[in-house]
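Please open the model in your viewer and keep the selection panel at hand. The stops below go from charged pairs to the interface and end at a pocket.

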2 protein chains.
Amino acid sequence: MARSRPTEPSPKALVSFTHCLADAAAKVTLKHFRKAGDVSDKGGGTYDPVTEGDRGAERAIVKLIAATYPEHGIVGEEFGNRNETARFRWVIDPIDGTRAFIMGQPLWGTLIGLLDEDRTVLGMMAQPFTGERYWASAAGAVWRRDGGASRALKTRSVHNLGEAVLTSTDPAMFSGADKEAFARLSSSVRMTRFGGDCYNYCLLAAGFIDVIVEVDLKPYDIVALIPIIERAGGVVTTWDGAPATSGGRIVASGNRRLHDATLKLLARK
Amino acid sequence: MARSRPTEPSPKALVSFTHCLADAAAKVTLKHFRKAGDVSDKGGGTYDPVTEGDRGAERAIVKLIAATYPEHGIVGEEFGNRNETARFRWVIDPIDGTRAFIMGQPLWGTLIGLLDEDRTVLGMMAQPFTGERYWASAAGAVWRRDGGASRALKTRSVHNLGEAVLTSTDPAMFSGADKEAFARLSSSVRMTRFGGDCYNYCLLAAGFIDVIVEVDLKPYDIVALIPIIERAGGVVTTWDGAPATSGGRIVASGNRRLHDATLKLLARK
């Protein structure tokens, strides 16, 4: 008797499965985090903790997806795409924030997103060193630490740029007109802070950061974070207001009013 | 019968006592971390988590020191100094990295240093959210997490700026000639990253960051970190090579060769 499989897995089953993927990734990433050794000893047998961690974690995730949902597609950073035309596609970044990872800062995360056609139906950011998970599905956006009770994520209601906390991973990512636009925005907010990667988008969902502006993001840098931001009450689009799913120049804000003000200021010539 | 007290407490007793101070501070800081509420609701009853956490934690620390070592001096951020001419002076920053604290990033720390005349004999950085403690005394520099086994801290042997990872808490701290000097240094290293506060100095001691350059530091921002850096094999001075104890423009490096190269590049006109 052939095993029957529902064509559309239940949302609850998918969330549980995503936690399993994050568990599998954590085993690999934590083995390499803060194990850099001495980078000055470069030679034939160079140990690159990021590459090792990235590849190993993605391999672990891909293996689990292929075993459980062989009909699903996968968009990964390290090994490219498979089943690209599938209805359900997993979008994976095993270590988002490689510079933070290299430096030992616990601000990197494993990003796991799930697309149903062009809609992001599930997203998770797992930070295994702090034991935190931020995730969102149709049921809402939540945070949990070390398997404890989960708490709802909610952006805060800062509506004016003058009161906003702005972040971006690295000032060096901006050049030309983008650099000028970011400077314009930065001079309009209460406080600007650099560093943070995926962790900052989750802190925006949790109500501690108001605006994040970045450029050159890949789909796997942002897809998993979209539902976390949106289900917490935030907005995330490109600088032009288009869907963030394809990456590029990205703005995330705690609410629509602040988002509109940010887009307007970035666009001003 | 009067209780006798040794005029010079044993180094071991002082380390244990410093852990008690960090425990007392953690109870207060964690109560306020990520409890910002809605900052847009500003009014008469404004809740400022940093100020509340800072003051409460310093109060807890000062109370313990006064009860245990009443003859010792205290240099604190929030309540100023007491017994300034004492041989032993505690230098306290209950929340170093207030911006990280505000944003929910676990990169802030409670800094506790102890001066014997002008020599820093003990220093600790406690990050209660991650459960980490980095500290140093005559016995060496160590790291411990959640009360687990302690591990020795050791800077890595990157000797050339071209291979170095440079960090600084905020690019906006530099202006004028300092800004030019930092840009010169930044263009000579492998990677520059902003954000991190006291946490980065500990990651330098742990061998994941090679150079940190900052300005406008107060004594309580750096005193506790000096022995952690030095006992791990690193060097920390002002940009002019003077002792870092008084704060100001500070450079920390993983080793002497790298430090000399950094000072030279910063000083070049």
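A salt bridge here is a side-chain nitrogen of Lys or Arg within 4 Å of a carboxyl oxygen of Asp or Glu. By that rule, a search of the whole structure finds 20 salt bridges over all chains. Before selecting any, note that this is a predicted model, in which local features need pLDDT of at least 70 and side-chain atom pairs count only at pLDDT 80 or more, while totals for chains, interfaces and linings use all residues. Residues are numbered from 1 along each chain as its sequence is written, chains are lettered from A in the order in which they are written, and side-chain values use heavy atoms, with hydrogens and water left out.

Select Asp116(A) and Arg87(A), which form a salt bridge whose closest N and O atoms are 2.8 Å apart. This pair links distant parts of the chain, since Asp116(A) sits in strand E4 (residues 109-116) of chain A and Arg87(A) in the loop between strand E2 (81-82) and strand E3 (88-96), 29 residues apart; strands are DSSP runs of at least two residues and helices are H or I runs of at least four, numbered from the N terminus.

Next, show where the chains meet: 41 residues from chain B and 41 residues from chain A take part in the contact, meaning heavy atoms within 4.5 Å. Together the chains bury about 3700 Å², 56% of it on carbon and sulfur atoms, where buried area is the accessible area (1.4 Å probe) lost on being put together, summed over both parts. In chain B, highlight Met103(B), Arg193(B) and Phe208(B), which lose the most area to chain A, together 21% of what that side buries.

The rule finds four salt bridges across this interface; select Glu132(B) and Arg34(A), a salt-bridged pair with closest N and O atoms 2.7 Å apart.

Finally, which residues lie nearest the centre of the largest pocket? Select Pro171(A), Lys179(A), Phe194(A), Pro171(B) and Phe194(B), which are among its 22 lining residues.

Terms used
Buried area is the accessible area (1.4 Å probe) that two parts lose on being put together, summed over both. On a 1 Å grid over the protein atoms alone, a cavity is a set of points where a 1.4 Å probe fits but cannot get out, and a pocket is an open set with protein on both sides within 12 Å along at least five of seven lines; lining residues have an atom within 4 Å of a point.
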